Amino acid sequence: MSQTSKASVNFIEITSEQAGQRLDNFLLRELKGVPKSRVYKIIRGGEVRVNKGRVDVTYRLETGDVVRVPPVRMAEAPDIAPAQAAAQRIDLPILFEDDAMLAINKPAGLAVHGGSGVNFGVIELLRAQRPDAKFLELVHRLDRETSGILMVAKKRSALVKLHDMLRDNHNIDKRYLAMVAGVWPDDKRHVRFKLFKYHTPEGERRVRVAADGQEAHTIVYRRRVGEQYSLVECELKTGRTHQIRVHLASSGFPILGDEKYGDFALNKQLPKEGLKRMFLHAWQLTLAHPISGDELKIEAPLPTELAQFVEATTQARKTASSAAQGKPARG
């Protein structure tokens with residue numbers, strides 16, 4: 001990457017490694033510490049130019065493009081001390097790693113990144129644990145309360161390819177395990193409620209079913225059932241915010257322990273039964289490797305506390321392998 005400066009304006013020439021990114025994503029990484037709203041404002045206001053012309057935020061950069069970046073006041077550099085202090089005591093189990101990417105088994109309760117009152121997350125921990133790594137970026141996100149597989153790119157080219165694959169969800173098979181209130185009635189059900197994202201007066205992110213929302217599709221497989229609860233496997237066909245949580249709750253079967261969309265009265269009783277967290281776990285990803293193209297299958301077995309809760313409250317179905325061992329059967 002070559003940069004020159006004129007009156008505090010930067011001109012950045014895009015390399016082959018940077019090519020393929022959307023303009024907004026490129027600037028969000030270049031202007032670390034600048035609020036997202038400010039980045040979008042300078043693009044839409046024409047302060048950012050590509051090859052001397054105005055472009056949309058969705059423009060995909062090409063090798064040799066020259067991006068004009070105006071002077072922007074940066075926020076104070078984030079405090080990396082909390083992540084460095086936690087790096088020695090928080091284990092991030094590695095499920096897969098090569099030169100292009102890695103996948104970790106994220107613990108519940110750990111955010112994927114810092115911000116909004118959170119001192120650090122997975123990506124800050126990884127950077128603290130690997131100070132010599134030249135490139136580490138989140139490929140996607142998991143809710144703080146959700147455990148399981150989280151992908152991190154180690155090369156820009158891998159990140160761009162994986163983002164392309166995520167935009168077409170049929171190219172990545174994503175499976176989650178969830179325990180819901182009630183007895184799920186179907187072996188297999190397609191849930192297609194449209195979802196609308198909004199913020200509460202307190203600024204918290206929420207999602208609701210709405211006719212004018214975004215298309216969303218989840219396939220739900222029944223895996224184990226008990227008198228009060230069911231273990232289901234959810235296959236994501238789209239990747240909307242809180243999709244599984246809202247789809248299950250809107251179907252009449254809220255996820256146990258879900259503090260945003262769940263059965264709040266039931267949630268208060270669950271710790272007495274041995275469940276002290278939301279029961280949602282990203283357990284399997286199947287995809288083509290972003291560089292080699294070879295099939296890559298990554299699995300994260302259920303955490304012990306969730307597996308024990310499954311065994312205590314449900315009966316295994318004849319058509320299903322033991323989901324508590326991280327091996328749900330296909331529908």
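Guide: A salt bridge here is a side-chain nitrogen of Lys or Arg within 4 Å of a carboxyl oxygen of Asp or Glu. The model is predicted.

Visitor: How far apart are the closest N and O atoms of Arg224 and Glu311?
Guide: Arg224 sits in strand β13 (residues 218–225) and Glu311 in helix α8 (residues 304–313), 87 residues apart. Arg224 is buried at 4% relative accessible area, while Glu311 is partly exposed at 45%. The two form a salt bridge, and their closest N and O atoms are separated by 3.4 Å.

Visitor: How many salt bridges are there by this rule?
Guide: The rule asks for a Lys or Arg nitrogen within 4 Å of an Asp or Glu carboxyl oxygen. Counted that way, the number of salt bridges is 21.

Visitor: Which helix does Glu145 tie to its own loop through Arg245?
Guide: Glu145 and Arg245 form a salt bridge, with the closest N and O atoms 3.8 Å apart. Glu145 lies in the loop between β7 (137–138) and β8 (147–153), so its pairing with Arg245 ties together parts that are 100 residues apart in sequence. The helix that holds Arg245 is α6.

Visitor: Is Arg245 buried or exposed?
Guide: Buried means under 20% relative accessible area. Glu145, the partner of Arg245, has 32% and is partly exposed. Arg245 has 2%, so the residue counts as buried.

Visitor: How many of the eight residues of helix α6 are buried?
Guide: Helix α6 spans residues 243–250 and is mostly covered. Its buried residues are Gln243, Ile244, Arg245, Val246, His247 and Leu248. The helix is followed by Gly252, which has a positive phi near 95°. The buried count for α6 is six.

Visitor: Which residues does the network containing Glu235 and Lys237 join?
Guide: The side chains of Glu235 and Lys237 meet in a salt bridge of 3.2 Å, N to O. Glu235 is buried at 7% relative accessibility, and Lys237 is buried at 18%. Salt bridges that share partners make one network of Asp173, Arg175, Arg223, Glu233, Glu235 and Lys237.

Visitor: Which helix gives the most to the lining of the second largest pocket?
Guide: This pocket holds about 230 Å³ of space. Its lining has 15 residues, and Gly257, Glu259, Lys276, Arg277 and Met278 lie nearest the centre. By class, the lining has five nonpolar, three polar and seven charged residues. With three residues, the helix that gives the most is α7 (residues 264–273).

Definitions and conventions: Residues are numbered from 1 along each chain as its sequence is written. This is a predicted model: local features need pLDDT of at least 70, side-chain atom pairs count only at pLDDT 80 or more; totals for chains, interfaces and linings use all residues. Side-chain values use heavy atoms; hydrogens and water are left out. On a 1 Å grid over the protein atoms alone, a cavity is a set of points where a 1.4 Å probe fits but cannot get out, and a pocket is an open set with protein on both sides within 12 Å along at least five of seven lines; lining residues have an atom within 4 Å of a point. Grid points are joined across faces, edges and corners, and a volume is the space filled by probe spheres set on the points. Helices (H or I, at least four residues) and strands (E, at least two) are DSSP runs, numbered from the N terminus. Ala, Val, Leu, Ile, Met, Phe, Trp, Tyr, Cys and Pro count as nonpolar, Asp, Glu, Lys and Arg as charged, and the others, Gly among them, as polar. Buried means under 20% relative accessible area, exposed over 50%, partly exposed in between (1.4 Å probe, protein chains only).
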